[in-house]
Amino acid sequence: MRITVTGAAGQIGYALLFRIASGAMLGPDEPIQLRLLEVPQAMRAAEGIAMELDDCAFPQLASIDISDDATSAFDGASIALLVGSRPRTAGMERGDLLAANGGIFGPQGRAINDTAAEDIRVLVVGNPANTNALIAASHAPDVPASRFTAMTRLDHNRALSQLARHTGAPVSSLTRMTIWGNHSATQYPDLSHALVAGDPVSVQQDWVESEFIPTVARRGAAIIEARGSSSAASAANAAIEHLRDWIGGTPDGDWTSAGIVSDGSYGVPAGLVSSFPVTSSGGEWALVPDLSIDAFSRSRIDASVAELLDERNAVEALGLLAGRA
Ligand code: NAD
Ligand code: LMR
């Protein structure tokens, strides 16, 4: 299995590559060919990581290639983890950030379209993840849109952990958590269908609104404030779980959350990359259908979707979307 990781010399890359190579994503029996894509100025650092990967002597790691050229990095890839992106720097407006990242994810989407394997599956981690995935997918008209996803698994895991802490129930007893919308502060972590040991969650709505939702939605910012840089090991872990479940399937009776291209379900305009409750089987994500959405949930989902629409309009105005979007 050929796996391309962009931004390989960054923080998440450092937490991700060793776990992929150890078999945490695809299991112990799948030989792995790693392709690392970096910018030219980070090639030397990527070489150092490749040396360290060598030094682990992972039995399943068949090869490591490093490149600063997207066309060769995605050649024959069955999995692409798009981690490398342009971080927001002081004085940068949101439009500047969207434009800078559009310049990365458009060409990478095109390279995936032209060179990746037919079974390519793409996870976009680099922020703004949902809109970067939208841009990449729009540049890959020959790849089914369902193969482009954005990561909200970290938000999902954060929500599970906060619920476990509040209820005292172990994480292993929690199921049917949902993250809706954008990987941003507008996301909606939804407890209305969640179960604790098979029973509906029983918590105060006041806790949900004043503690649970803000804690989950602002966790990324809290980590940046505490660590001085954004989450890396937990993000890498979430990326591994996203791909592991996409390929290997989700457990019976449970679901997870992923940013997928909307088919118009749950009032999310078709084509937007939004987080939904999803199951996976046979290597395909499927939306969990027919969930009841109460008025509170509706307003929260709509608010996050409005932000996604704004982002789509902004990148469209910047000319960053190709034919399919
Ligand atoms: P980082 O700055 O440590 O690393 C980013 C790497 O990407 C750098 O090595 C840089 O050289 C590389 N890069 C930049 N442009 C590239 C390009 N065109 N091609 C290949 N590589 C390129 O950042 P990080 O901490 O690893 O985070 C990476 C991204 O993931 C950020 O956008 C961050 O906001 C995002 N993130 C997302 C989630 C999520 O849940 N979706 C969680 C945490 C972080
Ligand atoms: C996170 O959720 O930890 C990151 O997306 C935060 C960020 O802005 O990098």
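**Ligand shells, domains and strands**

Mentor: Let us begin with ligand 2, whose surroundings consist of Asn127, Leu154, Gly220, Ile223, Ser230 and Ser231. A residue counts as near a molecule or strand if its C-beta atom, placed from the backbone, lies within 6 Å of it. This is a predicted model, in which local features need pLDDT of at least 70 and side-chain atom pairs count only at pLDDT 80 or more, whereas totals for chains, interfaces and linings use all residues. Residues are numbered from 1 along each chain as its sequence is written, while chains are lettered from A and ligands numbered from 1 in the order in which they are written.

Trainee: How many nonpolar, polar and charged residues does the shell around ligand 2 have?

Mentor: For the classes, Ala, Val, Leu, Ile, Met, Phe, Trp, Tyr, Cys and Pro count as nonpolar, Asp, Glu, Lys and Arg as charged, and the others, Gly among them, as polar. The shell around ligand 2 has two nonpolar and four polar residues, and no charged ones.

Trainee: Which residues are the closest to ligand 1?

Mentor: The closest are Gly7, Gly10, Gln11, Ile12 and Gly84, within a surrounding set of 27 residues. By class, that shell comprises 14 nonpolar, 12 polar and one charged. Helix α1 contributes the most to it, with three residues; helices (H or I, at least four residues) and strands (E, at least two) are DSSP runs, numbered from the N terminus.

Trainee: Into which domains is the protein divided?

Mentor: Domain bounds come from an automatic or database domain assignment. Here they give domain 1 (2–150) and domain 2 (153–311). In the contact there are 27 residues from domain 1 and 26 residues from domain 2. On the side of domain 1 that touches domain 2, the elements giving two or more residues are α1, β4 (79–82), β5, α5 and β6. The residues of that side comprise 20 nonpolar, five polar and two charged. The centres of the two domains, taken over C-alpha atoms, are 23 Å apart. The shell around ligand 1 takes at least three residues from each domain.

Trainee: Which residues does the UniProt annotation "binding site" cover?

Mentor: UniProt positions are given in the numbering used here, feature names are shortened, and annotations may be inferred rather than shown by experiment. One such annotation, from an unreviewed entry, covers Arg88, Arg94, Asn127 and Arg158. They span 71 residues in sequence and the farthest two C-alpha atoms are 25.2 Å apart, so they do not all gather at one spot. UniProt also has a "binding site" listing (unreviewed entry) that includes Ala8 and Asn127.

Trainee: Is Arg88 buried, partly exposed or exposed, and why?

Mentor: A residue is buried if 20 or more other C-beta atoms lie within 10 Å of its own, exposed if 12 or fewer, and partly exposed in between; C-beta atoms are placed from the backbone. Arg88 is partly exposed because 15 other C-beta atoms lie within 10 Å; its place is in the loop between β4 and α4 (94–115). Arg158, in helix α6 (residues 153–167), counts as buried because it has 23 C-beta neighbours inside 10 Å. Asn127 lies in the loop between β5 (121–124) and α5 (129–138), and is buried because it has 20 C-beta neighbours inside 10 Å.

Trainee: Which residues does Arg158 touch?

Mentor: Two residues are in contact if their C-beta atoms, placed from the backbone, lie within 7 Å. Not counting residues up to four places away in sequence, Arg158 touches Val216 and Arg219. Ala8, in the loop between β1 (2–6) and α1 (11–21), has contacts that include Gly13, Leu17 and Leu36, leaving aside neighbours within four places in sequence.

Trainee: Which way do the residues of β12 point?

Mentor: In a regular strand the side chains alternate between the two faces of the sheet. In β12, Thr256, Ala258 and Ile260 point one way and Ser257, Gly259 and Val261 the other way. Six of the six residues of β12 (residues 256–261) are buried, so the strand is largely enclosed by the rest of the structure.

Trainee: With which strand does β12 pair?

Mentor: Strands of a sheet pair through backbone hydrogen bonds, either parallel or antiparallel. Two strands pair if DSSP finds at least two bridges between them. The partner of β12 is β13 (residues 273–281), in the antiparallel sense over six bridges. Within β13, Ser274 is the bridge partner of Ile260.
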